[in-house]
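Have a look around before we start.

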Amino acid sequence: MKKLLIVASISLLVISNLYLLGQLRADQDVPDFIQAKSSDESLLSYQSGFEVMLQNDGISLAGKTLYNVYVGTEVAVSDLFKDSTDLYLVMRYNQLDCEACVEFAYSKLVEHGLEVNGIEVLVMKDKSTILNQHAPVIPAGEDNFKRMDYINMTLPIDAACVPHYFILDRNMVVHDMFVPDRMNQEITDKYLEMVVDKWSSR
């Protein structure tokens, strides 16, 4: 009899918690971008985001080489800062990345019109991409973003094969790396808004 009472009590607690969870998710005060995913999916998404930032934040690109697609010559990353530009919001991708993911990441930059507040947008792709006919390619001439190819530039994020954003400062250091989430667009919108607010005030 005692065991039955314990089982019944536990069952009642589980049912109550599930009901409360349902009520919380239905609450209109909860932001839409949080309601968009189940708690498990959100947890995995945020965990992945933290891992990306921790593994890649603070990496220096000093001494790395880029390929200037406009003039067909190799340049140092430091050459990006020869003019008055202090910060770049970089979108970086390579030939193994998901094509739909690349298109989404690019479209969000265009949508937000991020060439403001002293932050210039730089679209950076693996130079070998031009040798792969199946690789994702962003059409030129549809924006005012600067474009460069990168050469022998390996970052921890590359193993994930996903396009990503980060801030590159005048010291050529990577900050605030983020993987755009096309399954939950509001989070990507929020990142772009927050990163511009954060860095444009410096």
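**Reading the sheet and its helices**

A: Here is the starting point: in this predicted model, seven strands make an open sheet, ordered β2-β1-β5-β4-β3-β6-β7, and the pairing is mixed.

Q: Which strands stand at the edges of the sheet?

A: Those are β2 (73-76) and β7 (174-178). Each has a single partner strand, so one side of each is left without a neighbour in the sheet.

Q: How should I read the pairing of two strands?

A: The general idea is that strands of a sheet pair through backbone hydrogen bonds, either parallel or antiparallel. Now take a case from here: β1 (residues 65-68) pairs with β2 in the antiparallel sense, over four bridges. One place to look is N68, whose bridge partner in β2 is T73.

Q: And how many bridges join β4 to β5?

A: Five, and these two strands run parallel. Find M124 and you'll see M148 of β5 standing opposite. On the β3 side, β3 and β4 also pair in the parallel sense, over seven bridges; there, Y88 stands opposite E120 of β4.

Q: Is β4 mostly covered or mostly open?

A: Mostly covered: seven of the eight residues in β4 are buried, taking buried as under 20% relative accessible area.

Q: Which strands does helix α4 lie across?

A: Helix α4 (residues 99-112) lies across β3 (87-93), β4 (119-126), β5 (146-151) and β6 (164-169). Its direction is at about 160 degrees to β3. Helix α5 (residues 185-200) packs on the sheet too, touching β3, β4, β6 and β7, and its direction makes about 165 degrees with that of β7.

Q: How do I describe two helices that pack on each other?

A: Two packed helices are described by the angle between their axes and the distance between the axes. For α4 and α5, the angle is about 50 degrees and the axes are 11 Å apart. The two helices are therefore oblique to each other, and their crossing is right-handed.

Q: Which residues make the contact between α4 and α5?

A: From α4, look for F104, K108, L109, E111 and H112. From α5, they are Q185, T188, D189, L192 and E193. Sorted by class, that contact has three nonpolar, three polar and four charged residues.

Note on methods
Residues numbered from 1 in each chain as written. Predicted model: local features only at pLDDT ≥ 70, side-chain atom pairs only at ≥ 80, totals over all residues. Heavy atoms only, no water. Pairing = 2+ DSSP bridges. Contact = heavy atoms within 4.5 Å. Axes fitted to C-alpha atoms, helices over the stretch in contact; angles between N-to-C directions. Parallel < 35°, antiparallel > 145°, perpendicular 65-115°, else oblique. Left-handed = near helix turned anticlockwise from the far one by under 90°. Nonpolar A, V, L, I, M, F, W, Y, C, P; charged D, E, K, R; others polar. Buried < 20%, exposed > 50% of the residue type's maximum accessible area, 1.4 Å probe, protein only.
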